[in-house]
Amino acid sequence: KLQFLYLIDLRGVIGMWPAPAAAAAGAATGFAACWWCLQRCRDDDDCGLAAAADTARRAAEARDRAARRSVRVLLIRHAESEVNKEKDDCHNGRHVDVPLSELGARQAQALGRRLRAERVRFDEVYASEAVRTQQTAGLACAEMAAPPPELQVIPTRAVPPLGICEIAMGAWTGRQKGVCNTPVVKIARERDAWDWRPPGLSADEGLAGESYHDVEERFMAFLDEVVLPKLSHEGSSGGHTPLVAVFTHHAAIRCVLRPLLEASPRMLAPKLSPKNTSITELVYDAGAAGRKGGWALVRVNDAAHLQHFMPPRT
C-alpha cells in the first residue's frame, strides 16, 4: 500500500512524496489535522488580530530573507516525565526540575535509535532549561551514530521567558483540568482563544499565566533571532542545508505552528496533541530565483518509533 507524506506551505498543499510506511504511520495522526490547520477564521476578533499579525510577520519575513539561511528544523517534544505519568490530568505548566520517568528514558533512547537508523546528523541542538528536555536530548543523541554538537540550553527562568519553554499556567499549575475548565472559563477561552491567560501566579515559581499568543511570539522570536540568521552560523553548514533539533514542549509546539500555517487561533486546543518524543519537521527556504521561499511544514507529530510502546489494537 503506497503511503504519502504531504508538504504544506503557508498557503496550502503544494505536493506529496512517497514515504516509508513506518514514518507515514507515525505521522498519520498529524496529517489528519492539516486540513483544519489551514481553515482560517477572519470574522471573530481574535482571528482578525491574528490575521493582522500574520500579515505583518509575512512582510517582515520577506524583508529579512536575504540575511537568513535555509534550514531544516525538527521540533521534538520531550519524553514522558514523572509529572506526565502521575498527573496527566493536571495543568502541569513549566515544572523545570521534573525528570523523565523510566518509560520516558526508554522513549528517548528509541527516538535516538530511529534517528541513527535514518542516518540523521544534527548540526545544532537546542533544549529548554527544563530537565526533561535536556534528558531527552542527551539520551537520544547518545544513541545516534555521529557525535552530536554541544547542547545549547535556552534559558527558561529569564524574565520575560525566552523561546522554547512550556506555557506558564499561573495559579492553575498542578490543578486538575476538570476543576479549572468551568463552563464560564470555557466560554471566555472560546471568545478569546489567542489572548486568554490562566489567572493568578504559580505556587512554585510565582509565574503569571501565558496566552497562546505569548508563547507564539517568543517561539517565533527564537526562530527568527537564533536559528535563521546567517552571520551567527557562518561556516557551520558545510555547503548543505543545516539540520537543527529543538527539544521542546507540548503547548510550545502547538503554538508555533499557528503563525507558520497562518491558521485560526481555534486550531490550537484540543485538536493537536504532540506525543512524547514526536517529531514535527519544518523547512525554511531562504529563497532563490524561481522559488517562493519561507517556511514549510513537512510532517507533524511523527512518533513511529514509539509503536512498540503502544498497546495493541483490538
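**A walk through the model**

Analyst: Let's start with A140, which lies in helix α6; helices (H or I, at least four residues) and strands (E, at least two) are DSSP runs, numbered from the N terminus. Keep in mind that this is a predicted model, where local features need pLDDT of at least 70, side-chain atom pairs count only at pLDDT 80 or more, and totals for chains, interfaces and linings use all residues. Residues are numbered from 1 along each chain as its sequence is written, and side-chain values use heavy atoms, with hydrogens and water left out.

User: Is A140 buried or exposed?

Analyst: Buried means under 20% relative accessible area, exposed over 50%, and partly exposed in between (1.4 Å probe, protein chains only). The relative accessible area of A140 is 0%, so A140 is buried.

User: How far apart are the C-alpha atoms of A140 and Q109?

Analyst: Along the chain, A140 and Q109 are 31 residues apart.

User: Which strands does β4 pair with?

Analyst: Two strands pair if DSSP finds at least two bridges between them. With strand β6 (residues 243-248), β4 pairs in the parallel sense over 4 bridges, and A127 has F247 as its bridge partner there. Another 4 bridges join β4 in parallel to a strand at residues 151-154, where Y126 stands opposite Q152. The partners are β6 and β5.

User: How many residues of β4 are buried?

Analyst: In a regular strand the side chains alternate between the two faces of the sheet. On one side of β4 sit E124, Y126 and S128, on the other V125 and A127, and all are buried. For strand β4 (residues 124-128), that gives 5 of its 5 residues.

User: Which residues are in the salt-bridge network with D302?

Analyst: D302 also forms a salt bridge with R299, at 2.8 Å between the closest N and O atoms, and both residues are buried. Salt bridges that share partners join D302 to R72, R114, E118, E281 and R299.

User: Is R63 buried or exposed?

Analyst: R63 meets D64 in a salt bridge between side chains, 3.1 Å from N to O. D64 has 26% relative accessibility, so D64 counts as partly exposed. With 61% relative accessibility, R63 counts as exposed.

User: How many salt bridges are there by this rule?

Analyst: Side chains of opposite charge can pair when their charged atoms come close. Applying the rule gives a count of 19 salt bridges.

Notes
A salt bridge is a side-chain nitrogen of Lys or Arg within 4 Å of a carboxyl oxygen of Asp or Glu.
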